[in-house]
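Subject: A structure for you to look at

Hi,

Here is the structure I promised to pass on.

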Amino acid sequence: QVQLVESGGGLVQAGGSLRLSCAASGSIFSINAMGWYSQAPGKQRELVATITSGGTTNYADSVKGRFTISRDNAKNTVYLQMNSLKPEDTAVYYCNAVLRPTAYRVYETYWGQGTQVTVSS
């Protein structure tokens, strides 16, 4: 019963900022990586940013220099600081985690329910 809960989405004007948060809870033995993916209506879900348990980050080219992903391992929480937002950033943002629920299970992928980010021009 692993659960990922996102928060921080909303409506912002172009050039503004938002900070998304995602907390993982439930049966968690270890977390390999957490990240954020975006999905606009009628489009496939795309990677935005990921961060490993060791702190290695990966960003989509479209958000480099504008977004920053970070995590608090003690809280099993990942954040996405979104600056200089553009209308094309508008999408539902989903939290992702790759983790071991127990020592006897392999790494599995979990998804949050998504949080809406809307950037107006």
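Arginine 19 is partly exposed, with a relative accessible area of 48%. For that kind of label, buried means under 20% relative accessible area, exposed means over 50%, and partly exposed is in between (1.4 Å probe, protein chains only). Arginine 19 sits in strand E3. Helices (H or I, at least four residues) and strands (E, at least two) are DSSP runs, numbered from the N terminus. Which residues does arginine 19 contact, leaving aside its neighbours within four places in sequence? They are Ser7, Gly8, Tyr79, Leu80 and Gln81, where contact means heavy atoms within 4.5 Å. Tyrosine 79 is 60 residues away from arginine 19 along the chain, yet their C-alpha atoms are separated by 6.9 Å.

Before you go further, a word on where this comes from: it is a predicted model, with residues numbered from 1 along each chain as its sequence is written. Local features need pLDDT of at least 70 and side-chain atom pairs count only at pLDDT 80 or more, while totals for chains, interfaces and linings use all residues, and side-chain values use heavy atoms, with hydrogens and water left out.

How much of the chain is buried? Buried residues make up 41% of the 121 residues. Among the contacts with a separation of 6 or more, 54% are between residues 24 or more positions apart. The chain exposes about 6,400 Å², and carbon and sulfur atoms supply 47% of that; the areas come from the Shrake-Rupley method with a 1.4 Å probe, and for residues only the protein chains shown count as cover.

There are also 10 positive and 7 negative charges, and their mean positions are 4 Å apart. In that count Lys and Arg are positive and Asp and Glu negative, without His and the chain ends. Each charge is placed at NZ of Lys, CZ of Arg, CG of Asp or CD of Glu.

Next, look for the sulfurs. The structure holds 1 disulfide, meaning a pair of cysteine sulfur atoms within 2.5 Å. Which cysteines does it join? Cysteine 22 is joined to cysteine 95, at 2.0 Å from S to S. The pair links distant parts of the chain: cysteine 22 is in strand E3 (residues 18-25) and cysteine 95 in strand E9 (residues 91-100), 73 residues apart. The link is left-handed, with -85 degrees about the S-S bond. Cysteine 22 is buried, at 0% relative accessible area, and cysteine 95 is buried at 0% too.

Two residues have a positive phi of about 50 degrees although they are not glycines: asparagine 76 and serine 84. Asparagine 76 is in the loop between strand E7 (67-72) and strand E8 (77-82), and it is partly exposed at 24%. Serine 84 lies in the loop between E8 and E9, partly exposed at 40%.

That E8 to E9 loop also holds aspartate 89. Is aspartate 89 buried or exposed? At 6% relative accessibility, it counts as buried. Threonine 50 is in strand E5 (residues 46-52) and is buried, with a relative accessible area of 18%. Not counting residues up to four places away, threonine 50 touches Met34, Gly35, Tyr37, Thr56, Thr57, Asn58 and Ile69. Lysine 43 lies in the loop between strand E4 (30-39) and E5, and at 57% relative accessibility lysine 43 counts as exposed. Lysine 43 and alanine 91 are 48 residues apart in sequence and 9.7 Å apart in space, C-alpha to C-alpha.

Cheers
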